[in-house]
Amino acid sequence: MQDQIEKLPRLAKDKHNENKSFFKKLKKKPPKQLDYLMQELHVDEFEHTDCLECANCCKTTGPLFTDKDIQRISKHFKLKEQKFIETYLKIDEENDYVLQSVPCIFLGTDNYCSIYEVRPKACREFPHTDRKKFHQISNLTLNNVAICPAAYNIVEEMKKRIKI
């Protein structure tokens with residue numbers, strides 16, 4: 001798995017223009033069954049992909065924290081929301097709350113998340129490949145294929161199945 005993770009940025013970069021063109025066409029004319037196909041591809045991929053072997057998303061990027069995430073996680077820690085924000089978060093250039101640093105402070109050496117049950121929505125939904133109206137998140141997906149081996153594999157399979 002580590003070998004695949006190390007090769008992923010280069011593979012994603014090599015496929016970037018191809019993927020960008022594919023998603024541009026997909027956005028213009030999404031197939032009627034796109035969401036069903038994406039759900040199928042997502043389920044198939046995660047039948048043999050174990051995120052605990054990878055955790056590259058937690059090691060290299062940080063999620064956005066919504067107000068609900070902050071409320072839920074600060075309650076979990078029995079902290080006032082402002083104290084949680086001051087301790088763990090910062091505001092990025094898009095005015096969103098994000099982690100102060102990566103890798104994620106909540107990621108253990110065993111790749112387990114110490115706040116898994118209350119983790120942010122962005123973490124629960126990552127890599128977003130089973131999301132409804134998938135064609136609307138092409139920019140996010142273009143970024144995620146460079147981070148997540150499963151997202152990369154799903155997009156490659158998607159391109160084989162959808163002829164545009």
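Predicted model: local features only at pLDDT ≥ 70, side-chain atom pairs only at ≥ 80, totals over all residues.
Q: OK, where is the kink in α1 centred?
A: On H16, with an angle of about 55 degrees.

Q: And how far does α1 reach from its first C-alpha to its last?
A: Helix α1, residues 2-28, reaches 36 Å, close to the 39 Å expected for its 27 residues.

Q: Which residues in α1 are buried?
A: I5, L8, A12, N19, F22, F23 and L26. Their cover includes α2, α3, α4, α8 and α9.

Q: Switching to the sheet. What is the strand order?
A: The order is β1-β3-β2, in an open sheet with antiparallel pairing. β1 and β2 stand at the edges with a single partner strand each, so one side of each has no neighbour in the sheet. Helix α6 (residues 81-88) packs on the sheet and touches β1, β2 and β3.

Q: Salt bridges: how many does the structure hold?
A: There are 11. One of them joins E40 and R161, with the closest N and O atoms 2.9 Å apart. That pair links helix α2 to helix α9, 121 residues apart in the chain.

Q: Is E40 buried or partly exposed?
A: Partly exposed, at 38% relative accessible area.

Q: What about E156 and K159, how far apart are they in helix α9?
A: 3 residues, which is about one helical turn. Their salt bridge has its closest N and O atoms 2.8 Å apart. E156 counts as buried because its relative accessible area is 16%, under the 20% cut-off. K159 is buried too, at 11%.

Q: Which residues are linked with them in a network?
A: K15 and E18 are linked with E156 and K159 by salt bridges.

Key
Residues numbered from 1 in each chain as written. Heavy atoms only, no water. Helix = DSSP H or I, 4+ residues; strand = E, 2+ residues; numbered from the N terminus. Expected span 1.5 Å × (residues − 1). Bend = angle between axes of the 7 residues up to and from the residue. Buried < 20%, exposed > 50% of the residue type's maximum accessible area, 1.4 Å probe, protein only. Contact = heavy atoms within 4.5 Å. Pairing = 2+ DSSP bridges. Axes fitted to C-alpha atoms, helices over the stretch in contact; angles between N-to-C directions. Salt bridge = Lys/Arg side-chain N within 4 Å of Asp/Glu carboxyl O.
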